[in-house]
Amino acid sequence: MKTKYRKNSKKRAVCILLLACVLYGGTVAFCNSPQSVIIQESILTSEERTVMTSKEITDRERVYDKEVLERQPYDFSEVTIACIGDSITEGVNGATGHADGLTYPEVIKDALHAKEVYNLGIGGSTIGDYWASAMVNRYMEIPEDTDIIIVYGGINDVFSGTGETIGNLNTLTDDTFCGDLDTLLEGIRVHYPTSWLILVTPMDTVTIEEVRALNPDMKPIEEYVDAMITLAKKYDVDVIDLFHSNFMNSYDPEVYSAYVPGCHPTDEGYRILGEHIAKEVIRISLENEADGQFLGRWNGFTVSCNEYGGVPENGVSGNSISGNTLGDVSGNSVSGNAPGDVSANDVSGNDFDGVWKNSVSGNAPGDISANSVSGNAAGDVSGNSVSGNTSGGLSDNDISVCGELLESGTDILENSMENGTLDKNF
């Protein structure tokens, strides 16, 4: 029985406090600008899109993509990305007909300064299992160390499809587009549970008209795209919707002559495509971190002079944590806060080193009292400094059921405990 998967949530105590400042009002502050900047999915409104050609839309989006990439608001230097797809991912060039030029995975790597971007594109590959090298049969080739998985396909399914092979979302039959896409997304979720998954819809292409003459039973591309978006929601997959955004649509003669002469982009087209996907990866990464999904690390944002955090449901509203610098999730300082600033925060149930090496020293009475760090896996509360707190500051803290807690008086990695309270810590 197929189940609904949700992204793995890795809550971190100090990050909750710092994100309250960064994300107030849904904005993100660049480190070299005093103003808050929103990274948008599109710089254009829906009204503007209705009166613009695809070439105009693409060129406007390209300017915005470059602006975001030049600011480089996120650090991908330790992040690996895998792109699985068809000949567009492989890099077949629309000008030459061969995979002999620039590819969008190369552009993504350069634009994001990523550690590695794997190219798993194969010409002719479909999502469904009715052509050779179907993605549903080869997604396990994605390297295990991949942090972000980008699935970009579907156009070959459109070319080869019929009313029978597209299937439907009610039955999800094997060897149909709907059924195999469901299997593909579920399989990636199961086998790569900590990776972020992004699904890219195909660009509209005038090549459809040429293929329709050979396959009069083919279904409209909209039906495939709608199925992709529906199943992405089922598995909580982020979507880069090139189709509905009318991005580099080769039905536009200007797009055809400048960027995509048919189905495959030229070098210039691949550069535009890669930069656009890279910008979207940044947007998705920031949105995921705001939701508690951690991957890379914040890249030098300063969150000084912020008050009254914007996430009151986490119990950090109304607290001032001005003057703190947000670097990595680990090693953050929340010292010097007034009484009650970090009290009654729940950081239980964390895995993957949820609250390690954070400093909460120098707080007034009551500052870190009644905090729960129970239920954490091994390593979650290691290396934390809670020294220098005045009387009462460390009382009533629950550190039970931690992965490294063996018995009273036993070190929890670098922390020590005595009679259930964190006395004599360093």
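I count strands as DSSP runs of E with at least two residues, and helices as H or I runs of at least four, numbered from the N terminus. This is a predicted model, where local features need pLDDT of at least 70, side-chain atom pairs count only at pLDDT 80 or more, and totals for chains, interfaces and linings use all residues. Residues are numbered from 1 along each chain as its sequence is written, and side-chain values use heavy atoms, without hydrogens or water.

**Entry: Ala 82.** I found Ala 82 in strand 4, residues 80-85. Is Ala 82 buried or exposed? Ala 82 is buried, because its relative accessibility is 1%; buried means under 20% relative accessible area, exposed over 50%, partly exposed in between (1.4 Å probe, protein chains only). Leaving out residues up to four places away in sequence, I listed its contacts (heavy atoms within 4.5 Å). Ala 82 touches Tyr 118, Ile 142, Thr 146, Ile 148, Ile 149 and Ile 150.

**Entry: helices 3 and 13.** I looked up helix 3 (residues 54-71) and helix 13 (residues 267-290). They pack at about 55°, axes 9 Å apart. Axes are lines fitted to C-alpha atoms over the stretch in contact, and angles run from 0 to 180 degrees between N-to-C directions. The two helices are therefore oblique to each other; under 35 degrees is roughly parallel, over 145 roughly antiparallel, 65 to 115 roughly perpendicular, and the rest oblique.

**Entry: whole chain.** I noted 13 helices and 9 strands. Of 426 residues, 54% count as buried.
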